[in-house]
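Hi everyone, thanks for coming.

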Amino acid sequence: MDVATLGNMLNTAFVFSTALILAALGGIISERSGIVNIGLEGLMTAGAFAAAVSAFHAQEAGYGSASPWIGMFAGALFGVLFALIHAVATITFRADQVVSGIVINFIAAGSTLYLVKLLFEGAGETSLVDEVFHKVKIPFLSDIPIIGEGLFNSYPTTYLALILVGIVYYALYKTPFGLRLRSVGEHPSAADTVGIKVLRMRYTAVLLSGVLAGLGGATIAMTTTGTFSHNTISGQGFIALAAVIFGKWNPLGALGAALFFGFAQSINNVLQLFDFSSQIPSEFIYMLPYVLTILILVGAVGRSKAPSALGEPYFQGKR
Amino acid sequence: AKNNNNEGGASGSASPSASPSASASVSASPSASSDASAKDMKFAMVTDVGGVNDKSFNQSAWEGLQRLEKDTGASVKYLESKEATNYLTNINQFVRDKYDLTWGIGFLMVDAIKDAAAKNPDSKLAIIDNVVEAPNVASVTFAENEGAYLVGVVAGLTTKTNKIGFVGGIDIPVIKRFEVGFVAGVAAVNPDAKVTINYTGAFDKADLGKAAAASIYNDGADIIFHAAGGTGNGVFNEAKERFKAGKKVWVIGVDKDQSLEFGDDVTLTSMLKEVDEAVYRVSQEMIAGKFPAGVVTTLGLKDNAVGLPETSTKNVSKEILDKVEEYKAKIISGEITVPTAQ
Amino acid sequence: MNKLIKAFTKESAVVPFIAILLGLLLGAVIMLIGGYDPILAYKSLLEKVFGNPYDFGETLTAITPLIFTGLAVAFAFRTGLFNIGAEGQFIMGMTGATIIGVSVHLPWYIHAPLAVLVGAFFGGFWGMIAGYLKAARGVNEVITTIMLNWIALHLSNYIINDYLLEPGKGRSYMVDDSAAVTIGWLSRILDDARIHWGMFFAILAVIFYYVFLWKTKQGFELRVVGSNADAARYAGINVNKGIIKAMFISGTLAGLAGVFQVLGVFLNQAVSASPTGYGFDGIAVALLGGNTPIGVFLGAILFGTLSYGAAGMSFGADVPPEIIRIVIGSVIFFVAAPGIIRWFIKRTFGKKRKGEVI
Amino acid sequence: MEQARTVVEMRNITKRFPGIVANDNVNFKLSKGEIHALLGENGAGKSTLMNILFGLYQPEEGEIFVNEQEVAIDGPNKAIKLGIGMVHQHFKLVHPFTVTENIILGSEPKKWLGLAVNKKLAYEQVGNLSKQYGLNVDPYARIDEISVGMQQRVEILKTLYRGADILIFDEPTAVLTPQEISELLVIMRNLVQQGKSIVLITHKLKEIMAIADTVTIVRRGKVIDSLPVAGTNPNQLAEKMVGREVSLKLDKKVAVLGDPVLEVKDLVVKGRSGLNALNETSFVLKRGEILGIAGVEGNGQSELIEALTGLRSVAAGSIRISGVEVAGESPRKISEAGISLIPEDRHKHGLVLDFPVRENMVLETYYQPQFNKNGFMDFDAIDEHATRLVKEFDVRTPTIMTEARALSGGNQQKAIIAREVDKNPDVLIAAQPTRGLDVGAIEFIHKRLVEQRNMGKAVLLVSYELEEILQLSDRIAVIYEGRIVGEVNPAETNDQELGLMMTDYKQPQGGSNIEQAD
Ligand SMILES: Nc1ncnc2c1ncn2[C@@H]1O[C@H](COP(=O)(O)OP(=O)(O)OP(=O)(O)O)[C@@H](O)[C@H]1O
Ligand SMILES: Nc1ncnc2c1ncn2[C@@H]1O[C@H](COP(=O)(O)OP(=O)(O)OP(=O)(O)O)[C@@H](O)[C@H]1O
Ligand SMILES: [Mg+2]
Ligand SMILES: [Mg+2]
């Protein structure tokens with residue numbers, strides 16, 4: 001395999017990974033505060049939908065290349081809207097967090113498609129957005145072998161995701177906010193007794209996860225599909241959830257997990273370029289990313305420790 | 001509806017090649033006579049799990065029915081299948097509601113149509129892309145390999161890098177026909193060109209299509225023919241992106257004239273598969289009392305049911321199009337037999 | 001028996017009831033906003049399900065796999081495991097049944113049971129992989145089951161494509177008649193609806209679920225593992241074996257759902273581009289039913305009825321069937337957060353009282 | 001001590017929980033510079049009262065005055081502002097965090113416009129504070145790496161960091177070693193000298209006598225009495241608290257020794273860190289005796305218990321029960337060989353809290369033929385069994401179908417003891433059997449243990465409370481760094497001597513790593 005192929009593979013890996021990274025960051029923030037977020041899939045769906053719709057309208061209204069950014073913004077906003085449902089249910093009404101997450105997935109899938117049908121006269125898909133993101137070469141950096149092509153010639157969303165990894169990492173481990181957030185997920189009553197507003201913290205975290213997962217979904221609409229339909233988001237949210245756990249609830253870990261998964265996906269395309277690939281049943285090639293993920297987990301990572309209070313509703317005087 | 005009987009009897013042996021009688025009547029009928037009887041008739045279709053907006057045969061079929069409604073005043077309706085169990089129940093919904101003709105759209109409908117037909121001998125059914133041998137079913141299949149051969153000719157003559165790609169959905173007989181015909185067409189005009197085959201394993205994953213296209217283009221190919229439904233959107237997106245970055249690459253679309261949706265910058269041509277036309281015409285025959293019951297119609301180049309769209313002239317040179325015509329004639333005349341499977 | 005009566009008179013029964021009403025109400029509001037007629041829609045839904053014997057029979061057919069996958073997910077939950085992999089286990093169950101149904105030829109009294117058993121085992125084995133990886137290597141089952149879903153999809157496509165394919169059909173050969181578990185006479189009564197023995201097995205599975213978990217030694221062990229793994233270890237229960245066993249049983253239940261879809265409904269297995277959704281619906285059913293036997297059973301009935309009826313809604317009232325997903329979602333939501341319902345009751349009753357005073 | 005000014009007054013406080021009045025018209029007064037003890041049975045309402053003062057609960061009725069001002073304490077934030085700090089019965093520490101992170105949590109020193117925690121300053125401040133009060137805590141250590149005693153000091157630092165003048169200690173000594181207890185008492189005296197006022201909740205009469213100025217006794221939510229400690233005595237206090245006469249002395253006949261039943265020889269067990277937690281430990285336990293294992297927590301006791309019961313693998317050595325080798329066998333095999341365990345952590349190991357009492361009563365015996373027919377549970381037999389045990393051991397539970405979670409701590413412990421004793425084991429291991437229980441419950445449990453010994457059973461008692469060890473044991477083995485370093489006769493020793501053996505024995509120097517940390 002030559003250097004150019006490797007760079008191209010990496011580049012493709014980033015395309016796959018970007019949305020996963022963003023959604024996984026959302027998952028981390030929420031779960032670090034103690035709220036299980038199995039609704040990432042739904043939040044991404046909401047984000048992708050809002051992005052496709054609003055970018056389309058922005059483009060029609062003549063916003064040009066600002067349209068995908070408007071889409072991203074709308075995606076984040078819509079993600080928050082659905083995250084709010086999750087927050088109210090799990091934090092205020094102490095509903096089971098897994099149940100609520102599954103519900104988010106259901107409602108997001110149903111309502112976005114319903115809205116598409118209302119907004120696009122019965123069509124099951126939004127109209128194609130022409131003004132989507134394009135890869136941006138970063139001067140000089142893009143000349144570095146392998147990672148130049150692999151990373152520094154990527155979508156703005158990829159750069160955004162990587163920057164957000166840094167920001168979330170910093171926020172979690174260096175700021176007062178992060179310290180408090182983590183304490184709320186580990187030992188909410190400890191946080192409570194030092195005057196931290198546990199419920200408010202958790203609301204913030206879940207809403208932020210809506211922003212990030214919404215952005216993740218929007219990324220897919222604004223880079224790969226240009227439209228939204230029932231299968232724009234089909235399983236990425238769950239892969240992102242896996243990345244959260246795989247990455248041990250750490251932004252850098254999740255970045256690694258998401259990249260690994262993206263890379264495994266791109267391997268199977270490269271494989272098909274070789275003549276010997278016709279000897280391998282294509283099904284085995286499709287399986288590859290999933291099998292590799294399991295193998296890595298078995299070989300390297302082992303047990304990961306979730307935040308101690310993950311999944312437990314909190315109320316004062318809880319015993 | 002009685003005169004269907006002799007036609008049904010005639011096609012006892014459902015040969016894959018089109019029965020001449022069927023194609024003759026197809027070309028004869030489309031006089032839009034919105035007589036009173038048509039207004040009382042009800043036509044329906046059931047989609048496969050792709051849904052009615054799949055940008056592929058389901059959508060095309062629905063467009064055919066919608067045109068029928070406009071032209072004849074007949075009422076039309078569709079039901080989408082969420083999962084495979086719904087094929088039969090959806091078809092039965094129409095059959096039991098005494099629809100005059102119910103279409104099963106797509107390859108996968110075959111068992112459901114067969115079952116419904118056997119249990120409701122008085123009803124009329126039709127299927128696209130597959131064959132059901134029953135006296136009350138009209139089957140319409142396409143010689144995709146013939147059309148694919150022609151776009152193969154275009155690709156073989158257009159490529160500058162002698163590298164060409166094919167992106168398929170899943171490896172099933174229909175899609176295989178596209179692949180085999182395409183590869184044969186390329187080989188006929190440019191034996192040096194290499195065709196990279198990539199089946200993505202899905203008809204609905206644009207991200208997989210995009211990644212597949214990226215790796216094929218990165219490998220030096222300059223043309224990709226896709227037969228992958230929604231997955232193919234990813235192929236177009238990848239090409240558009242490269243175009244905007246200043247690299248000229250081509251996509252050959254499928255089923256419909258995809259230049260209309262994805263623009264002329266990247267769409268070299270498309271391999272038309274006129275499902276809408278077929279649905280429209282067979283339904284018209286039904287109105288005219290000439291439903292091809294029990295007949296298997298294979299629509300190919302000679303029926304103008306597969307082929308290249310008019311818009312091809314924008315990006316394909318006159319010489320190449322002339323070559324295409326040449327090959328088309330040879331296929332119709334039988335001088336060339338396009339393979340259907342490897 | 002007393003318990004049963006209690007269950008229906010106490011709040012625990014009132015909550016789901018109100019939840020269903022609220023869910024339907026929400027659906028109606030959304031339909032109104034979209035310009036549809038909710039009354040016609042719900043009428044069409046009911047008509048679709050109860051309007052004629054055929055559709056009623058088909059509704060039963062739609063409910064059956066949901067009972068199995070719902071029980072599968074619930075069973076794992078009871079053992080402290082989150083089985084997102086019912087989907088993959090379902091697919092493997094189909095594949096096992098198809099292999100036996102297509103490739104061996106035996107008298108019916110051996111063939112059908114063998115196909116059922118092998119399919120169930122395939123599903124169980126698929127679940128067991130995740131169980132083993134958790135027990136032996138500590139790999140979180142949430143991840144492995146997600147991955148195994150996709151692996152199952154492609155693996156079974158491979159098996160069909162390369163070994164069982166009927167040329168030109170995009171699916172396996174039809175299974176032998178001797179392997180089918182359809183019930184001809186009942187189908188005939190129900191206007192040719194696809195009725196099969198799976199329905200009775202589904203009811204047996206509900207009973208099994210209850211008896212096994214709450215009445216048997218092994219069930220007790222698994223519940224201890226699920227409730228407090230440390231205490232289980234202390235009590236001399238082999239926790240790792242418990243996890244593997246639980247995932248095996250869970251997978252078997254999900255696998256059976258697939259088995260009966262093949263042997264009772266399709267009689268073949270198609271090459272499939274995407275997951276079927278039964279596994280994920282199973283999660284919803286389990287949660288809807290609070291992981292209790294009766295709950296899962298009723299949850300599956302509700303879920304299946306609404307989903308099947310959705311086609312009627314779009315047929316009779318042109319309402320997009322997606323609405324039903326929103327309805328189901330909100331029903332689960334209201335069941336899961338009884339606080340919302342209590343709040344709702346308080347609000348409405350509170351207002352009434354105020355109104356009376358004025 | 002200067003003339004006492006009232007810093008806290010709680011008037012007519014009533015707090016109800018579903019089905020119970022936890023505080024019933026309670027009056028409570030704390031003077032400046034005093035140590036005020038709160039005494040009462042389990043569930044009397046002590047913690048509730050203090051949680052109200054700290055703003056965690058809101059009372060239904062009553063007023064609170066702090067420094068003679070009426071206040072509404074609507075949350076811990078408000079309490080902290082008023083200078084109230086609380087060290088909780090169950091520590092409120094975030095385990096993966098460092099000492100400093102725990103202390104500054106919620107009032108972090110900041111830099112860069114509040115965008116970052118000023119860690120350097122934080123560590124410095126915590127280090128200084130620790131020095132100022134002589135607490136010797138390593139600011140950089142992670143909570144899950146330090147001892148329970150240290151964790152408690154972190155809790156104290158948390159309150160001091162927030163400038164608390166009124167400190168509430170909720171059962172601070174229940175989890176401490178004797179050494180740590182005496183150090184804590186010194187710290188408390190120190191604090192009072194620096195002008196703080198302290199509320200001390202404890203079940204240990206000795207501590208009250210040793211350090212408190214005033215004691216308030218609560219029973220079933222009501223204040224029974226409030227009196228100066230000088231001029232009272234333990235027996236009187238115990239009586240007031242329980243409402244009947246309690247014998248603080250245990251009647252114990254002379255032991256009648258039988259054959260050896262448990263023989264441990266050269267046992268080596270690896271601890272969590274992979275290092276040897278037990279180093280060639282050997283001892284013998286005979287029928288009819290109680291062998292107390294004395295030692296500072298963390299010297300291999302937990303590992304010893306886990307190895308003896310099959311919960312931890314054995315690296316080398318032998319364990320024989322009535323002559324049968326069981327080292328490395330499964331917990332089930334060992335249980336069947338005749339070992340029963342009253343575990344240290346009743347919530348983690350002892351009970352399945354979500355299960356009804358009846359199922360908890362057969363947690364280890366469910367599979368035996370008397371409860372089990374052809375793989376099916378025999379619930380008639382199980383119910384009968386549970387009903388009998390509940391009665392025999394006076395487990396106060398509404399019904400045998402009640403979830404174990406709903407029982408009070410003392411009754412949970414009684415349920416476990418009932419189950420373990422009823423297994424009729426040859427060897428009964430009791431790990432911390434009375435931790436956190438009130439005198440009444442302790443009396444009950446001690447009687448049961450002695451009864452077992454009198455019946456010819458062998459009892460292995462592992463406890464960090466010297467008093468308990470001294471009172472119950474017929475023989476005491478001292479464990480230090482995974483070895484039995486000595487055996488003494490309880491009649492011929494005292495806490496001083498034991499304490500020395502447990503801590504100073506062959507220990508290099510008095511200092512620990514604490515001093516290096518500064
Ligand atoms: N990130 C997550 N999102 C949703 N559900 C989760 C997540 N992590 C865990 N779960 C669910 O919660 C349960 C507890 O998981 P967790 O892995 O923390 O505990 P565990 O299985 O005991 O792990 P370990 O044995 O490694 O400590 C799991 O069985 C799973 O069902
Ligand atoms: N949050 C709560 N919800 C319900 N009941 C409670 C709660 N907190 C305390 N109780 C009940 O109130 C009563 C008093 O409890 P409290 O914890 O104050 O007792 P305590 O005197 O501190 O006992 P202990 O010595 O065991 O710590 C008990 O019956 C207890 O069960
Ligand atoms: Mg207390
Ligand atoms: Mg206590």
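Phe56(C) is partly exposed, at 34% relative accessibility, while Phe50(C) is exposed, with 53% relative accessible area. Here buried means under 20%, exposed over 50%, and partly exposed in between, with a 1.4 Å probe and protein chains only. Please remember that this is a predicted model, where local features need pLDDT of at least 70 and side-chain atom pairs 80 or more, while totals for chains, interfaces and linings use all residues. Residues are numbered from 1 along each chain as written, chains are lettered from A and ligands numbered from 1 in written order, and side-chain values use heavy atoms, without hydrogens and water.

Now, the rings. Over all chains there are 45 aromatic pairs. The planes of Phe50(C) and Phe56(C) meet at 35°, with centres 6.0 Å apart, so this pair is tilted. Rings of Phe, Tyr and Trp (its six-membered ring) pair with centres within 6.5 Å; planes under 30 degrees apart are stacked, over 60 edge-to-face, and the rest tilted. Ring pairs also join Phe75(C), Phe208(C), Tyr209(C), Tyr210(C), Phe212(C) and Trp214(C) into a cluster.

Which residue lies over the face of Tyr54(C)? That's Arg96(B), 4.0 Å from the ring centre. In chain D, the charged end of Arg448(D) is over the ring of Phe393(D), at 4.3 Å from its centre. Such a charge (NZ of Lys or CZ of Arg) must be within 6 Å of the ring centre and within 35 degrees of the ring normal.
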